[in-house]
Amino acid sequence: MLLAAGSGRRMRRAKHLIQIEGRSILSRAAGALLGSSAEEVVVVLAPGDREGVSALGALELRGVRVVFAESPDEGRAASVRAGVRATAPGAAGLLIALADQPFLEAADFDALIRAFGAGAGGIVHAAYAGERGTPVLFAARYREELLALRGREGGRVVILRHPGEVCAVALDPARGRDLDRPEDLLVSRSMQRTLSIIKPDAIAAGKLGGILQHIEDAGLRIVAMRMLHLTPERAQEFYAVHRERPFYQGLVAFMSSGPVVVSVLEGPDAIAHYRTVMGATNPEEAEAGTIRKLYATDVERNACHGSDGPETAQEEIAFFF
Ligand code: UDP
Ligand code: MG
């Protein structure tokens, strides 16, 4: 179960809705759990958190179940209880994860599940550089104790009661880092430039003006721009990093099928910011209100391109300008 209720008390806005590279941290954490061998994924939100529900988007269709904490104010215990109640009574264990650890991967959850399955202990928790942390997997026999938690108590209370039952699984501290304070999100917001391509599907559909407006409304300045028609050879060269991928031939044919508009966008953190504004590569997974959600057709014909890092931005800008 993934606890997202009550996140963000110390942040200016609901923490679980904050986006990193086009995906809310809630959807990242839930997606990683869904990819793990956990049998069911229950997300606990604060009562009435409709934005949380919509941030999950397509994940709900893929089996993520949403429940609401019993009380908005009580603290963590209310979320734990709601999550425990929502999981199948026959489940062998209960894995408690937090929505504010958006960098954990399915393999990290699987490491805990494997240790638990191998009989390492009745309580298996993550450890980061020797420090106890979350997620934590409790055997089904702790169900009642978890349901008895009150107020600000969390799983820690149960762990401390059963020291002989506890086993640690070391996880990478870089992936386990959490977003607790607003400062955790402040990467340096230096001025950057990134390359944008409005792809042939969007131009053919008459969406060029709408997308450029969207870019400017997002606070990105267009500092250079050109319309051109890529030859298959130039498209091949531009996407050379993907040449071994199964979609490469189709992508090259698509990108050379009609005119594109290439531009250089400038702004604070322009590279990551434009990726957020574009949304996920696959429009089905893109957040509402992103360019790809609004204008893309499918994972290939996805309306726009944006550089994915400072080095590629430099190379891609030099490719066209
Ligand atoms: N693409 C595709 N099928 C896929 C993944 C990607 O056709 O399964 C296309 C899509 O047009 C995408 C481009 O290849 O924008 C480059 O893929 P990448 O993973 O770099 O995504 P992006 O950086 O554009 O989000
Ligand atoms: Mg890319």
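This is a predicted model: local features need pLDDT of at least 70, side-chain atom pairs count only at pLDDT 80 or more; totals for chains, interfaces and linings use all residues.
The protein chain splits into two pieces: domain 1 covers 2-183 and domain 2 covers 191-320. Going by C-alpha atoms, the centres of domain 1 and domain 2 sit 35 Å apart. Where the two meet, domain 1 puts in seven residues and domain 2 puts in 12 residues. On the domain 1 side of that contact, the tally is four polar, two charged and one nonpolar.

As for the inside of the protein, the largest nonpolar core runs to 53 residues, and Leu-2, Ala-29, Val-43, Val-44 and Leu-95 have the most contacts within it. Helix α1 (residues 25-34) supplies the largest share of this core, at six residues. Another core lies apart from that one; it has 28 residues, including Leu-195, Val-264, Met-278 and Tyr-295.

Arg-132 counts as partly exposed because it has 13 C-beta neighbours inside 10 Å, and the exposed class stops at 12 or fewer. Leaving aside residues up to four places away in sequence, Arg-132 touches His-125, Ala-127 and Ala-168. Ala-170 is 38 residues away along the chain, yet its C-alpha atom is 9.1 Å from that of Arg-132.

Then there is the ligand site.

Methods:
Residues are numbered from 1 along each chain as its sequence is written. Chains are lettered from A and ligands numbered from 1 in the order in which they are written. A nonpolar core is a set of buried Ala, Val, Leu, Ile, Met, Phe, Trp, Tyr and Cys residues joined through C-beta atoms within 7 Å. A residue is buried if 20 or more other C-beta atoms lie within 10 Å of its own, exposed if 12 or fewer, and partly exposed in between; C-beta atoms are placed from the backbone. Helices (H or I, at least four residues) and strands (E, at least two) are DSSP runs, numbered from the N terminus. Domain bounds come from an automatic or database domain assignment. Ala, Val, Leu, Ile, Met, Phe, Trp, Tyr, Cys and Pro count as nonpolar, Asp, Glu, Lys and Arg as charged, and the others, Gly among them, as polar.
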